[in-house]
Amino acid sequence: MERKKGKMDRLESSQRLNAVLSRIAGAENLAKRELGSTDLIAVSKTFDVEHIRPVLDAGHRIFGENRVQESQGKWPRLKQEYDGVELHLIGPLQSNKAADAVALFDVIHTIDREKIAKAIAAEMQAQNKSVKLFVQVNTGEEEQKAGVAPQDAADFVECCSGVHGLTVSGLMCIPPFDENPGPHFALLRKLAKQANVEELSMGMSADFETAIEFGSTHVRVGSAIFGAR
Ligand SMILES: *Cc1c(COP(=O)(O)O)cnc(C)c1O
């Protein structure tokens, strides 16, 4: 699903990156948070390497993808070309892709059931590689959306560590498309406290400043940097 775009678009992506970075700094400032306390994950899904390179050339190193297979076609060579890339898996994960996911990604945001937790734990052992983990929470309790139910979040985090020996760093959510995201961000923050985890993966192009106000540590921003998909 890679698409081709014009040269103008490539030039603009580094400018859009800078605009997003300064909006993040502004939101941190408003929320009286430490400058630089929010990581920007540049979500490059559907964009090919030619469109990702300008953002790497601008010095950015943290990227997100939502499909393992698509990432395998792009990131091994980009990781060779550029030092210090940190790659985040932000899309749903099947257990038969756990080995590939652990091999390629540094952070996985979408742990949401025991079968996946178990598969990831086994792969981290087999590959002797540690991957940072977030548990996805379905804060809107939407039928079609991945994630554990809010009332199960703390128990699931406990199960990941107690049963599977995993360290969960934080929680992740994708609020319902048509709702005010603030209450969902507030809920995720509350659940993280209950589960005793520090980090919050929340906020996308349309709402990352709101997410920072609610304590987001990782915003996942795609179209505001790369353009419309
Ligand atoms: C695509 C995607 C994003 C980025 O969305 P934009 O609206 O383009 O910023 C963030 N999080 C997840 C889970 C995504 O799939």
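**Salt bridges in a predicted model**

In this predicted model, a search of the whole structure finds ten salt bridges.

Q: Why is the contact between Arg53 and Glu50 called a salt bridge?
A: The closest N and O atoms of Arg53 and Glu50 are 2.7 Å apart. A salt bridge requires a side-chain nitrogen of Lys or Arg within 4 Å of a carboxyl oxygen of Asp or Glu, and therefore this pair qualifies.

Q: Where do Arg53 and Glu50 lie?
A: Both residues belong to helix H2 (residues 49-57), where they are three residues apart, about one turn of the helix.

Q: Why is Arg53 called buried?
A: The relative accessible area of Arg53 is 16%. Buried means under 20%, so Arg53 is buried.

Q: What makes Glu50 count as partly exposed?
A: Glu50 has a relative accessibility of 33%. This value lies between the limits of 20% and 50%, and therefore Glu50 is partly exposed.

Q: How do you know that Glu70 and Lys74 form a salt bridge?
A: Their side chains meet at 2.8 Å, N to O. That distance is within 4 Å, so the contact is a salt bridge.

Q: Why do Glu70 and Lys74 both count as buried?
A: Relative accessibility is 13% for Glu70 and 0% for Lys74. Each value is under 20%, and therefore each residue is buried.

Q: What makes the contact of Lys74 with Glu65 a salt bridge?
A: The N to O distance between their side chains is 3.0 Å, and this is within 4 Å, so the pair qualifies. Lys74 and Glu65 are both buried.

Key:
Residues numbered from 1 in each chain as written. Predicted model: local features only at pLDDT ≥ 70, side-chain atom pairs only at ≥ 80, totals over all residues. Heavy atoms only, no water. Helix = DSSP H or I, 4+ residues; strand = E, 2+ residues; numbered from the N terminus. Buried < 20%, exposed > 50% of the residue type's maximum accessible area, 1.4 Å probe, protein only.
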